[in-house]
Each structure stands twice: as structure tokens, then as C-alpha cells.
Amino acid sequence: MKKHIQAFILLFFATGLIATAQSDNISPQRKQAIDSLALEKVKDLSKYISIIGSKETQFSEANRVMDRAEELFAPGSEMGVSSLSSQDVAYYPVRRYFERLMALNYDNVTISWYDIHYISDLERQPDGRYVGVVTIYQRFEGTSVETGLNYKDTTKKDITIYVEKKQTQVAGRTIEFWDVMLGDIRVTETSA
């Protein structure tokens, strides 16, 4: 977490210097820093999801982690849920997804993400934002001792990444910086 905060502070001040040149273009060096921050936020989300889904996490801690996880997302973002028993994919607002995850009827839940990487480069949109896509694979395992229920699946998901210029006040000065937010998480494939 300390590393994440340090990276954010470094990105914040470095982007402020670039922003003073009034340029809306992202230099290759800045793009690399933004890519790293986006992947770091995806990895943070992975950790948060495993904490929220764990049956060993206390309710108050799970709620605190849900609040932190929600901060990673752009407003109105949704997360997809799939299963092996249906071809349908259901989409839920981020907070509702976390609440459903916490309430799963298993004695033990293990969720892990792997093979996290960009599948599309950042592309500038007409509104000035940049949009990219990160793909991940999620391994879900749920077991219930009483019923003997054991469910496992692997889901490929695409996470929309938004990069936009924002402003903040520091010591009475307005500083612009590039911020990274996660968007919709779309299910593209579910397998055993």
C-alpha cells in the first residue's frame, strides 16, 4: 500500500509539471507511468475482491475494503458475473457486486486473478479522455462443508480503463494531473 501511495504522489507531481505546459497529449514516459498506475489499480482491486469474498473477513473490515475498492471506479461502472450453469452474464453496479460477493452461500471462497495485461493501447476520445482495456483471468472456488457443494470456474474479464485530466489545489495553486479510473468489467469467457 505504501508503494502505491508513493507511486501516486510521484505521478501526481510529475503530471502537474507536464500539465503546466497546457498539453493534453500523453508523452511516452507519462504513458508508461499511467500504464503502471492502471495495472497497480487492477492488482489492488484483485486484493480487495479476495478480502471481500473471504468468509474469514469480518463484516466491518469487508465494508471498509468495499469503500476503498469503490474509489477505484468511475461513476456508474458495472461488474459482470457468470457461471458454468448459464450462458447469461449478469451486470451489477460495483457496490452491489461486492455485497453479493460477500453474501455468497459458501463456507470458503477463494478468488485469484492472474495473467493481467493490456489488450488495447490507450486511445484518445473526443472528450479528451483516454480509454484502454486490461484483460485478466479470475479463478473462483467456492466450497460448502455442510452441503458438499464445490464450485470452480475460470473467467476471462476485460476491464475498461479511463485516463483523464483533473485539477486539484496545492498551496493555493491549481495543478492539473492525469488520473486513472476503472470502468466496466465485462465477462468475455467462462470455463471450468
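The legends below describe close-up views of a predicted model.

**View 1. Packing of α2 against α4 in the predicted model.** The two helices meet at an angle of about 45°, and their axes lie 8 Å apart; α2 and α4 are therefore oblique to each other. From α2, the contact is made by L45, I49, I52 and G53, and from α4 by Y97, F98, L101 and M102. By residue class, this contact of α2 with α4 comprises 7 nonpolar residues, 1 polar residue and no charged ones.

**View 2. The largest nonpolar core, with 37 residues.** The residues with the most contacts inside this core are L45, I49, F73, F98, I161 and V163. Two or more residues each are given by the helices α2 (28–53), α3 (59–70) and α4 (94–102), and by the strands β3 (108–124), β4 (130–143), β5 (150–170) and β6 (173–191). The largest share, 8 residues, comes from α2.

**View 3. Surroundings of F73.** Leaving aside residues up to four places away in sequence, F73 touches L45, M79, V94, F98, M181, L182, G183 and I185. F73 is also among the residues with the most contacts inside the largest nonpolar core, as are its partners L45 and F98.

**View 4. The hairpin of β5 and β6.** The two strands pair in the antiparallel sense over 16 bridges. V170 stands opposite R173 of β6. Between the strands are 2 residues, and A171 takes a positive phi near 55° in this hairpin.

Note on methods. Residues are numbered from 1 along each chain as its sequence is written. This is a predicted model: local features need pLDDT of at least 70, side-chain atom pairs count only at pLDDT 80 or more; totals for chains, interfaces and linings use all residues. Side-chain values use heavy atoms; hydrogens and water are left out. A nonpolar core is a set of buried Ala, Val, Leu, Ile, Met, Phe, Trp, Tyr and Cys residues joined through side-chain atoms within 4.5 Å. Buried means under 20% relative accessible area, exposed over 50%, partly exposed in between (1.4 Å probe, protein chains only). Helices (H or I, at least four residues) and strands (E, at least two) are DSSP runs, numbered from the N terminus. Contact means heavy atoms within 4.5 Å. Two strands pair if DSSP finds at least two bridges between them. Axes are lines fitted to C-alpha atoms, for helices over the stretch in contact, and angles run from 0 to 180 degrees between N-to-C directions. Angles under 35 degrees count as roughly parallel, over 145 as roughly antiparallel, 65 to 115 as roughly perpendicular and the rest as oblique. Ala, Val, Leu, Ile, Met, Phe, Trp, Tyr, Cys and Pro count as nonpolar, Asp, Glu, Lys and Arg as charged, and the others, Gly among them, as polar.
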